[in-house]
Amino acid sequence: MNSVADVWDNVLQQLKKDLSETTIATWFDELEAVDIRGNTFILHCANDFKKGYIESLFLKNIKSVLHDIFSTDFDVDILDDLSFEEFRGNVKKQSDRFTSDEFTFETFVVGPSNKLAYAACQAVANHPAQNYNPLLIYGDSGLGKTHLIYAIANVIRKNDPHAKIAYVKGDDLTNELVDAIREGKTAEMREKYRQADLLLVDDVQFIAGKKQTQEEFFHTFNNLYESGRQIVLTSDRPPSEMTLLDDRLRTRFEWGLLVDVAPPDFETRVAIVKNKAALLGMELPDKVVFTIAEKVTANVRQLEGTINKILAYKDLLGSDADEETVERAMQDILKRSSEYIPTPEAILECISKYYGVDISIIQSQQRNRDAVAARQIAMYLIRSMTNLSVVDIGKYFSNRDHSTVLYSIEQVEKKMKKDPSFSERVKEIKTNINSKR
(Lines give C-alpha, C1' and ligand atoms only; values in the text may rest on other atoms or scores of the structure.)
Protein backbone atom coordinates (compact mmCIF):
# COMPACT_ATOMS: atom_id res chain seq x y z
CA MET A 1 0.00 0.00 0.00
CA ASN A 2 1.36 3.39 -1.04
CA SER A 3 -0.29 5.75 1.41
CA VAL A 4 -2.55 6.12 4.42
CA ALA A 5 -5.40 6.72 1.94
CA ASP A 6 -4.72 3.30 0.39
CA VAL A 7 -4.83 1.71 3.82
CA TRP A 8 -8.17 3.38 4.52
CA ASP A 9 -9.60 2.20 1.18
CA ASN A 10 -8.55 -1.31 2.14
CA VAL A 11 -10.18 -0.92 5.57
CA LEU A 12 -13.46 0.17 3.97
CA GLN A 13 -13.42 -2.81 1.63
CA GLN A 14 -12.86 -5.16 4.56
CA LEU A 15 -15.61 -3.49 6.61
CA LYS A 16 -18.11 -4.36 3.90
CA LYS A 17 -17.85 -7.98 4.99
CA ASP A 18 -19.46 -7.11 8.36
CA LEU A 19 -21.36 -3.88 7.66
CA SER A 20 -23.91 -3.13 4.96
CA GLU A 21 -23.23 -0.78 2.04
CA THR A 22 -25.92 1.54 3.43
CA THR A 23 -24.25 1.69 6.85
CA ILE A 24 -20.87 2.52 5.34
CA ALA A 25 -22.34 5.10 2.94
CA THR A 26 -24.32 6.74 5.75
CA TRP A 27 -21.76 6.84 8.56
CA PHE A 28 -18.32 6.65 6.91
CA ASP A 29 -18.81 9.10 4.03
CA GLU A 30 -17.21 12.03 5.89
CA LEU A 31 -14.23 10.13 7.30
CA GLU A 32 -10.84 10.98 5.81
CA ALA A 33 -7.54 9.24 6.46
CA VAL A 34 -4.99 11.63 7.94
CA ASP A 35 -1.90 9.75 9.12
CA ILE A 36 -0.45 6.71 10.86
CA ARG A 37 1.59 7.59 13.95
CA GLY A 38 3.19 4.53 15.51
CA ASN A 39 0.31 2.17 16.18
CA THR A 40 -2.36 4.86 15.93
CA PHE A 41 -4.44 5.30 12.81
CA ILE A 42 -5.65 8.91 12.58
CA LEU A 43 -8.87 9.91 10.84
CA HIS A 44 -10.73 13.21 10.44
CA CYS A 45 -14.51 13.66 10.57
CA ALA A 46 -16.04 17.13 10.15
CA ASN A 47 -19.44 15.90 11.35
CA ASP A 48 -19.34 15.77 15.17
CA PHE A 49 -22.47 13.62 15.41
CA LYS A 50 -21.14 11.00 12.99
CA LYS A 51 -17.78 11.09 14.77
CA GLY A 52 -19.43 10.24 18.08
CA TYR A 53 -21.62 7.57 16.53
CA ILE A 54 -18.67 5.85 14.85
CA GLU A 55 -16.63 5.99 18.06
CA SER A 56 -19.43 4.36 20.04
CA LEU A 57 -20.48 1.68 17.54
CA PHE A 58 -17.87 1.01 14.87
CA LEU A 59 -14.46 1.68 16.40
CA LYS A 60 -14.00 -1.97 17.30
CA ASN A 61 -14.70 -2.95 13.67
CA ILE A 62 -12.06 -0.55 12.36
CA LYS A 63 -9.50 -1.76 14.92
CA SER A 64 -10.21 -5.37 14.01
CA VAL A 65 -9.60 -4.75 10.31
CA LEU A 66 -6.40 -2.82 11.04
CA HIS A 67 -5.21 -5.76 13.13
CA ASP A 68 -5.89 -8.10 10.20
CA ILE A 69 -3.96 -5.85 7.81
CA PHE A 70 -0.91 -5.19 10.02
CA SER A 71 -0.99 -8.25 12.30
CA THR A 72 -0.74 -6.03 15.36
CA ASP A 73 -3.11 -4.03 17.57
CA PHE A 74 -3.95 -0.47 16.47
CA ASP A 75 -5.59 2.47 18.21
CA VAL A 76 -7.86 4.74 16.18
CA ASP A 77 -8.07 8.49 16.78
CA ILE A 78 -10.85 10.44 15.03
CA LEU A 79 -10.20 14.19 14.93
CA ASP A 80 -12.90 16.86 14.78
CA ASP A 81 -12.33 20.04 12.74
CA LEU A 82 -10.51 21.94 15.48
CA SER A 83 -8.31 18.99 16.42
CA PHE A 84 -7.56 18.39 12.74
CA GLU A 85 -6.43 21.99 12.26
CA GLU A 86 -4.29 21.77 15.40
CA PHE A 87 -2.86 18.48 14.12
CA ARG A 88 -1.89 20.17 10.86
CA GLY A 89 -0.46 23.12 12.78
CA ASN A 90 -2.74 25.61 11.05
CA VAL A 91 -4.41 27.10 14.13
CA LYS A 92 -3.76 27.44 17.82
CA LYS A 93 -5.76 25.85 20.60
CA GLN A 94 -9.13 27.32 21.61
CA SER A 95 -7.60 29.23 24.52
CA ASP A 96 -5.22 30.98 22.13
CA ARG A 97 -7.77 31.89 19.47
CA PHE A 98 -8.01 35.48 20.70
CA THR A 99 -4.33 36.05 19.90
CA SER A 100 -4.22 33.92 16.75
CA ASP A 101 -3.19 35.59 13.50
CA GLU A 102 -5.85 33.58 11.65
CA PHE A 103 -8.97 35.17 13.14
CA THR A 104 -8.27 38.87 12.65
CA PHE A 105 -9.80 41.76 10.73
CA GLU A 106 -6.82 41.58 8.37
CA THR A 107 -7.63 38.01 7.33
CA PHE A 108 -11.37 38.66 6.96
CA VAL A 109 -12.37 39.18 3.32
CA VAL A 110 -14.75 42.16 3.07
CA GLY A 111 -17.44 42.46 0.41
CA PRO A 112 -20.84 44.10 -0.08
CA SER A 113 -22.56 41.29 1.86
CA ASN A 114 -20.61 41.84 5.10
CA LYS A 115 -19.27 45.40 4.88
CA LEU A 116 -21.56 46.87 7.54
CA ALA A 117 -20.95 43.99 9.96
CA TYR A 118 -17.19 44.34 9.45
CA ALA A 119 -17.28 48.09 10.13
CA ALA A 120 -19.46 47.66 13.21
CA CYS A 121 -17.14 45.01 14.64
CA GLN A 122 -14.12 47.25 14.11
CA ALA A 123 -15.90 50.09 15.90
CA VAL A 124 -16.73 47.83 18.85
CA ALA A 125 -13.19 46.46 19.00
CA ASN A 126 -11.63 49.92 19.11
CA HIS A 127 -14.24 51.52 21.39
CA PRO A 128 -15.94 48.77 23.41
CA ALA A 129 -19.26 49.54 25.14
CA GLN A 130 -19.33 53.08 23.78
CA ASN A 131 -21.66 53.00 20.78
CA TYR A 132 -22.99 49.58 19.85
CA ASN A 133 -23.83 47.58 22.94
CA PRO A 134 -24.94 44.92 22.47
CA LEU A 135 -23.80 44.16 18.94
CA LEU A 136 -25.73 41.31 17.33
CA ILE A 137 -24.50 39.80 14.07
CA TYR A 138 -26.97 37.52 12.32
CA GLY A 139 -26.95 35.39 9.18
CA ASP A 140 -26.80 31.81 7.97
CA SER A 141 -24.15 29.37 9.15
CA GLY A 142 -20.67 29.59 7.66
CA LEU A 143 -20.64 33.27 6.66
CA GLY A 144 -17.91 34.50 9.02
CA LYS A 145 -19.80 35.57 12.14
CA THR A 146 -17.49 33.67 14.49
CA HIS A 147 -14.42 35.01 12.65
CA LEU A 148 -15.65 38.55 13.29
CA ILE A 149 -16.23 38.10 17.02
CA TYR A 150 -12.81 36.49 17.38
CA ALA A 151 -11.37 39.48 15.52
CA ILE A 152 -13.01 41.80 18.08
CA ALA A 153 -11.47 39.79 20.90
CA ASN A 154 -8.10 39.84 19.11
CA VAL A 155 -8.01 43.65 19.04
CA ILE A 156 -9.24 44.03 22.62
CA ARG A 157 -6.65 41.53 23.83
CA LYS A 158 -3.87 43.45 22.06
CA ASN A 159 -5.05 46.77 23.46
CA ASP A 160 -5.43 45.33 26.97
CA PRO A 161 -3.62 42.02 27.63
CA HIS A 162 -5.38 41.77 30.99
CA ALA A 163 -8.92 42.13 29.62
CA LYS A 164 -11.26 39.37 30.76
CA ILE A 165 -12.86 37.80 27.69
CA ALA A 166 -15.57 35.16 27.97
CA TYR A 167 -16.74 33.15 24.97
CA VAL A 168 -19.54 30.59 24.91
CA LYS A 169 -21.88 28.95 22.41
CA GLY A 170 -25.60 29.22 23.07
CA ASP A 171 -26.21 25.48 23.40
CA ASP A 172 -23.11 25.08 25.59
CA LEU A 173 -24.46 27.78 27.91
CA THR A 174 -27.48 25.60 28.69
CA ASN A 175 -25.32 22.53 29.25
CA GLU A 176 -22.98 24.51 31.48
CA LEU A 177 -25.88 25.78 33.56
CA VAL A 178 -27.30 22.27 33.99
CA ASP A 179 -23.89 21.03 35.15
CA ALA A 180 -23.47 24.01 37.50
CA ILE A 181 -26.87 23.39 39.10
CA ARG A 182 -26.15 19.67 39.51
CA GLU A 183 -22.74 20.33 41.05
CA GLY A 184 -23.83 23.32 43.15
CA LYS A 185 -21.54 25.71 41.27
CA THR A 186 -23.96 28.30 39.89
CA ALA A 187 -22.16 31.09 41.78
CA GLU A 188 -18.87 30.24 40.06
CA MET A 189 -20.58 30.18 36.68
CA ARG A 190 -22.20 33.57 37.25
CA GLU A 191 -18.88 35.06 38.30
CA LYS A 192 -17.19 33.69 35.18
CA TYR A 193 -19.52 35.59 32.86
CA ARG A 194 -20.45 38.62 34.98
CA GLN A 195 -16.82 39.56 35.59
CA ALA A 196 -16.04 39.63 31.86
CA ASP A 197 -14.96 42.84 30.14
CA LEU A 198 -16.12 41.32 26.85
CA LEU A 199 -18.82 38.64 26.57
CA LEU A 200 -19.09 36.77 23.26
CA VAL A 201 -22.08 34.47 22.76
CA ASP A 202 -22.10 32.46 19.52
CA ASP A 203 -25.43 31.10 18.21
CA VAL A 204 -27.44 32.79 20.94
CA GLN A 205 -30.67 31.54 19.29
CA PHE A 206 -30.14 28.22 21.06
CA ILE A 207 -31.10 29.70 24.44
CA ALA A 208 -34.60 30.52 23.15
CA GLY A 209 -37.19 28.34 24.84
CA LYS A 210 -34.81 27.40 27.68
CA LYS A 211 -36.54 29.11 30.61
CA GLN A 212 -33.81 28.85 33.24
CA THR A 213 -30.99 29.63 30.79
CA GLN A 214 -32.84 32.75 29.65
CA GLU A 215 -33.40 33.80 33.25
CA GLU A 216 -29.68 33.49 34.06
CA PHE A 217 -28.66 35.22 30.85
CA PHE A 218 -31.11 38.07 31.46
CA HIS A 219 -29.42 38.92 34.77
CA THR A 220 -25.93 38.45 33.32
CA PHE A 221 -26.80 40.75 30.41
CA ASN A 222 -28.13 43.44 32.76
CA ASN A 223 -25.10 43.17 35.02
CA LEU A 224 -22.63 43.62 32.15
CA TYR A 225 -24.62 46.30 30.36
CA GLU A 226 -25.13 48.43 33.46
CA SER A 227 -21.45 48.18 34.38
CA GLY A 228 -20.41 49.41 30.92
CA ARG A 229 -18.97 46.22 29.47
CA GLN A 230 -19.31 45.03 25.89
CA ILE A 231 -21.65 42.22 24.77
CA VAL A 232 -21.41 40.71 21.29
CA LEU A 233 -23.85 38.10 20.07
CA THR A 234 -24.24 36.04 16.90
CA SER A 235 -27.36 34.32 15.67
CA ASP A 236 -28.78 32.67 12.57
CA ARG A 237 -31.75 35.08 12.61
CA PRO A 238 -32.71 38.52 13.99
CA PRO A 239 -34.32 38.66 17.47
CA SER A 240 -37.74 39.39 15.94
CA GLU A 241 -37.71 35.88 14.43
CA MET A 242 -36.66 34.11 17.66
CA THR A 243 -40.24 33.27 18.49
CA LEU A 244 -39.49 31.47 21.76
CA LEU A 245 -37.15 34.14 23.10
CA ASP A 246 -38.35 36.00 26.19
CA ASP A 247 -39.64 39.46 25.25
CA ARG A 248 -37.39 41.13 27.80
CA LEU A 249 -34.33 39.51 26.20
CA ARG A 250 -35.56 40.31 22.70
CA THR A 251 -35.83 44.01 23.53
CA ARG A 252 -32.37 44.00 25.10
CA PHE A 253 -30.84 42.31 22.06
CA GLU A 254 -32.32 45.14 19.98
CA TRP A 255 -30.99 47.92 22.22
CA GLY A 256 -27.70 48.19 20.39
CA LEU A 257 -26.99 47.45 16.74
CA LEU A 258 -28.24 44.58 14.58
CA VAL A 259 -26.14 43.80 11.50
CA ASP A 260 -26.53 40.96 9.04
CA VAL A 261 -24.08 38.99 6.93
CA ALA A 262 -25.26 37.47 3.66
CA PRO A 263 -23.70 34.93 1.27
CA PRO A 264 -20.72 36.50 -0.56
CA ASP A 265 -21.01 37.58 -4.20
CA PHE A 266 -18.77 36.10 -6.91
CA GLU A 267 -15.95 38.64 -6.56
CA THR A 268 -15.85 38.18 -2.80
CA ARG A 269 -15.83 34.39 -3.18
CA VAL A 270 -12.83 34.68 -5.54
CA ALA A 271 -11.02 36.80 -2.96
CA ILE A 272 -11.87 34.32 -0.17
CA VAL A 273 -10.52 31.36 -2.17
CA LYS A 274 -7.28 33.17 -3.00
CA ASN A 275 -6.86 34.35 0.58
CA LYS A 276 -7.45 30.90 2.11
CA ALA A 277 -5.13 29.22 -0.40
CA ALA A 278 -2.39 31.76 0.36
CA LEU A 279 -2.77 31.16 4.11
CA LEU A 280 -2.23 27.44 3.46
CA GLY A 281 0.79 28.08 1.27
CA MET A 282 -0.89 27.24 -2.03
CA GLU A 283 -1.12 29.26 -5.21
CA LEU A 284 -4.09 28.18 -7.31
CA PRO A 285 -4.43 28.94 -11.05
CA ASP A 286 -7.09 31.56 -11.79
CA LYS A 287 -9.12 29.00 -13.74
CA VAL A 288 -9.29 26.77 -10.66
CA VAL A 289 -10.16 29.71 -8.39
CA PHE A 290 -12.98 30.81 -10.70
CA THR A 291 -14.35 27.26 -10.92
CA ILE A 292 -14.57 27.01 -7.14
CA ALA A 293 -16.11 30.48 -6.80
CA GLU A 294 -18.73 29.74 -9.47
CA LYS A 295 -19.87 26.42 -8.03
CA VAL A 296 -19.50 26.80 -4.25
CA THR A 297 -21.87 29.65 -3.47
CA ALA A 298 -23.59 28.93 -0.17
CA ASN A 299 -21.08 30.13 2.42
CA VAL A 300 -17.48 30.82 3.36
CA ARG A 301 -17.11 27.57 5.31
CA GLN A 302 -17.78 25.51 2.17
CA LEU A 303 -15.23 27.53 0.22
CA GLU A 304 -12.61 26.98 2.91
CA GLY A 305 -13.56 23.32 3.17
CA THR A 306 -12.93 22.90 -0.54
CA ILE A 307 -9.46 24.45 -0.24
CA ASN A 308 -8.67 22.23 2.77
CA LYS A 309 -9.69 19.17 0.81
CA ILE A 310 -7.55 20.17 -2.17
CA LEU A 311 -4.59 20.52 0.20
CA ALA A 312 -5.38 17.11 1.70
CA TYR A 313 -5.36 15.52 -1.76
CA LYS A 314 -2.06 17.24 -2.44
CA ASP A 315 -0.44 16.16 0.85
CA LEU A 316 -1.84 12.64 1.10
CA LEU A 317 -2.07 11.61 -2.54
CA GLY A 318 0.37 13.94 -4.28
CA SER A 319 -2.43 15.28 -6.51
CA ASP A 320 -1.95 18.54 -8.38
CA ALA A 321 -4.48 21.34 -7.88
CA ASP A 322 -5.94 20.76 -11.32
CA GLU A 323 -9.58 20.80 -12.44
CA GLU A 324 -10.05 17.07 -11.76
CA THR A 325 -8.83 17.45 -8.16
CA VAL A 326 -11.04 20.50 -7.66
CA GLU A 327 -14.11 18.62 -8.94
CA ARG A 328 -13.38 15.79 -6.49
CA ALA A 329 -12.94 18.25 -3.63
CA MET A 330 -16.23 19.99 -4.41
CA GLN A 331 -18.28 16.86 -5.05
CA ASP A 332 -19.08 15.86 -1.47
CA ILE A 333 -19.54 19.45 -0.30
CA LEU A 334 -22.02 20.28 -3.06
CA LYS A 335 -23.87 17.03 -2.52
CA ARG A 336 -24.23 17.59 1.22
CA SER A 337 -25.34 21.18 0.63
CA SER A 338 -28.11 20.35 -1.84
CA GLU A 339 -29.27 17.04 -0.40
CA TYR A 340 -29.02 17.52 3.35
CA ILE A 341 -31.12 14.94 5.19
CA PRO A 342 -30.56 14.79 8.94
CA THR A 343 -30.27 11.41 10.60
CA PRO A 344 -32.93 10.37 13.13
CA GLU A 345 -30.17 10.48 15.75
CA ALA A 346 -29.39 14.12 14.87
CA ILE A 347 -33.07 15.03 15.18
CA LEU A 348 -33.36 13.24 18.52
CA GLU A 349 -30.22 14.99 19.78
CA CYS A 350 -31.64 18.46 18.99
CA ILE A 351 -35.01 17.66 20.55
CA SER A 352 -33.30 16.22 23.61
CA LYS A 353 -31.35 19.46 24.10
CA TYR A 354 -34.42 21.58 23.43
CA TYR A 355 -36.65 19.86 25.99
CA GLY A 356 -33.91 18.86 28.41
CA VAL A 357 -35.06 15.24 28.16
CA ASP A 358 -32.58 12.38 27.65
CA ILE A 359 -32.78 10.64 24.29
CA SER A 360 -33.32 7.33 26.10
CA ILE A 361 -36.43 8.76 27.77
CA ILE A 362 -37.79 10.13 24.47
CA GLN A 363 -37.39 6.66 22.97
CA SER A 364 -38.87 4.91 26.02
CA GLN A 365 -42.47 4.26 27.14
CA GLN A 366 -42.46 7.04 29.77
CA ARG A 367 -45.62 9.15 29.76
CA ASN A 368 -44.72 12.38 31.57
CA ARG A 369 -45.74 15.52 29.69
CA ASP A 370 -42.30 16.62 28.43
CA ALA A 371 -41.39 13.09 27.30
CA VAL A 372 -44.63 12.71 25.35
CA ALA A 373 -44.32 16.15 23.72
CA ALA A 374 -40.69 15.53 22.75
CA ARG A 375 -41.51 12.04 21.47
CA GLN A 376 -44.41 13.16 19.28
CA ILE A 377 -42.44 16.05 17.77
CA ALA A 378 -39.50 13.71 17.19
CA MET A 379 -41.73 11.29 15.27
CA TYR A 380 -43.23 14.15 13.26
CA LEU A 381 -39.86 15.66 12.33
CA ILE A 382 -38.22 12.32 11.51
CA ARG A 383 -41.16 11.60 9.19
CA SER A 384 -41.05 15.04 7.54
CA MET A 385 -37.26 15.49 7.36
CA THR A 386 -36.06 11.99 6.44
CA ASN A 387 -37.02 9.21 4.06
CA LEU A 388 -37.95 6.74 6.79
CA SER A 389 -41.31 4.96 6.75
CA VAL A 390 -43.58 5.01 9.80
CA VAL A 391 -42.65 1.38 10.42
CA ASP A 392 -38.93 2.25 10.49
CA ILE A 393 -39.62 5.27 12.69
CA GLY A 394 -41.39 3.04 15.21
CA LYS A 395 -38.18 1.03 15.61
CA TYR A 396 -36.45 4.11 17.06
CA PHE A 397 -39.08 4.33 19.80
CA SER A 398 -39.06 0.97 21.59
CA ASN A 399 -40.43 -0.79 18.49
CA ARG A 400 -43.76 1.04 18.60
CA ASP A 401 -46.46 0.00 16.17
CA HIS A 402 -46.79 2.10 13.00
CA SER A 403 -50.30 3.16 14.09
CA THR A 404 -48.81 4.78 17.19
CA VAL A 405 -46.37 6.73 15.02
CA LEU A 406 -49.19 7.88 12.72
CA TYR A 407 -51.25 8.97 15.72
CA SER A 408 -48.35 11.03 17.09
CA ILE A 409 -47.76 12.70 13.73
CA GLU A 410 -51.46 13.53 13.41
CA GLN A 411 -51.51 15.01 16.92
CA VAL A 412 -48.61 17.32 16.11
CA GLU A 413 -50.17 18.39 12.80
CA LYS A 414 -53.52 19.16 14.48
CA LYS A 415 -51.92 21.14 17.27
CA MET A 416 -49.78 23.13 14.81
CA LYS A 417 -52.95 24.23 13.01
CA LYS A 418 -54.73 25.25 16.22
CA ASP A 419 -51.87 26.66 18.29
CA PRO A 420 -49.58 29.24 16.59
CA SER A 421 -47.08 29.24 19.45
CA PHE A 422 -46.76 25.44 19.26
CA SER A 423 -46.32 25.69 15.50
CA GLU A 424 -43.52 28.21 15.99
CA ARG A 425 -41.91 25.91 18.55
CA VAL A 426 -41.79 23.05 16.03
CA LYS A 427 -40.38 25.39 13.35
CA GLU A 428 -37.77 26.61 15.83
CA ILE A 429 -36.62 23.05 16.53
CA LYS A 430 -36.50 22.31 12.79
CA THR A 431 -34.38 25.39 12.20
CA ASN A 432 -32.00 24.31 14.97
CA ILE A 433 -31.66 20.87 13.35
CA ASN A 434 -30.89 22.39 9.94
CA SER A 435 -28.34 24.77 11.45
CA LYS A 436 -26.31 21.76 12.63
CA ARG A 437 -25.65 20.50 9.10
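**Helix packing and nonpolar cores in a predicted chain**

Helix 7, which spans residues 145–159, comprises 15 residues and reaches 22 Å from its first C-alpha to its last, close to the 21 Å expected at 1.5 Å a residue, the expected span of a helix being 1.5 Å times one less than its number of residues. The structure is a predicted model, in which local features need pLDDT of at least 70 and side-chain atom pairs count only at pLDDT 80 or more, whereas totals for chains, interfaces and linings use all residues. Residues are numbered from 1 along each chain as its sequence is written, and side-chain values use heavy atoms, with hydrogens and water left out. Helices (H or I, at least four residues) and strands (E, at least two) are DSSP runs numbered from the N terminus, and by this assignment the chain contains 21 helices and 8 strands.

Of the 437 residues of the chain, 48% count as buried, where buried means under 20% relative accessible area, exposed over 50% and partly exposed in between, with a 1.4 Å probe and protein chains only. Because 12 of its 15 residues are buried, helix 7 is largely enclosed by the rest of the structure. Contact is taken as heavy atoms within 4.5 Å, and among contacts in the chain between residues at least 6 apart in sequence, 69% join residues at least 24 apart.

Helix 10 (residues 211–226) has 16 residues and a reach of 23 Å from first C-alpha to last, close to the 22 Å expected at 1.5 Å a residue. Its buried residues are Thr213, Gln214, Glu216, Phe217, Phe218, Thr220, Phe221, Asn222 and Leu224, and they pack against helix 8 (170–183), helix 9 (186–194), strand 6 (198–202), strand 7 (230–235) and helix 11 (247–253). Helix 9 and helix 10 pack at an angle of about 40 degrees with their axes 10 Å apart, the axes being lines fitted to C-alpha atoms, for helices over the stretch in contact, and the angles running from 0 to 180 degrees between N-to-C directions. Helix 9 and helix 10 are therefore oblique to each other, since angles under 35 degrees count as roughly parallel, over 145 as roughly antiparallel, 65 to 115 as roughly perpendicular and the rest as oblique. Their crossing is right-handed, a crossing being right-handed if the near helix is turned clockwise from the far one by less than a right angle, and left-handed if anticlockwise. Helix 10 is followed by Gly228, whose phi is positive, near 70 degrees.

In the loop between strand 6 and helix 10 lies Gln205, which is buried, with a relative accessible area of 1%. Leaving aside neighbours within four places in sequence, Gln205 is in contact with Thr234, Ser235, Asp236, Arg237, Met242, Glu428 and Asn432.

The largest nonpolar core has 52 residues, and those with the most contacts inside it are Phe217, Phe253, Ile351, Ile377 and Leu381; such a core is a set of buried Ala, Val, Leu, Ile, Met, Phe, Trp, Tyr and Cys residues joined through side-chain atoms within 4.5 Å. The largest share of this core, 8 residues, comes from helix 18 (residues 369–385). Apart from this core lies another, of 29 residues, among them Phe103, Ala120, Ala125 and Val232. With neighbours within four places in sequence left aside, the contacts of Phe253 are Pro134, Leu136, Val204, Phe217, Phe221, Leu233, Pro239, Leu245 and Leu258.

Helix 18 also packs with helix 16 (residues 344–355), at an angle of about 150 degrees and with the axes 10 Å apart, in a right-handed crossing. Here Pro344, Ile347, Leu348, Ile351 and Tyr355 in helix 16 meet residues of helix 18 that include Ala373, Ile377, Leu381 and Met385. Ala373 counts as partly exposed, at 23% relative accessibility, and its C-alpha atom is separated by 8.8 Å from that of Val412, 39 residues apart along the chain.
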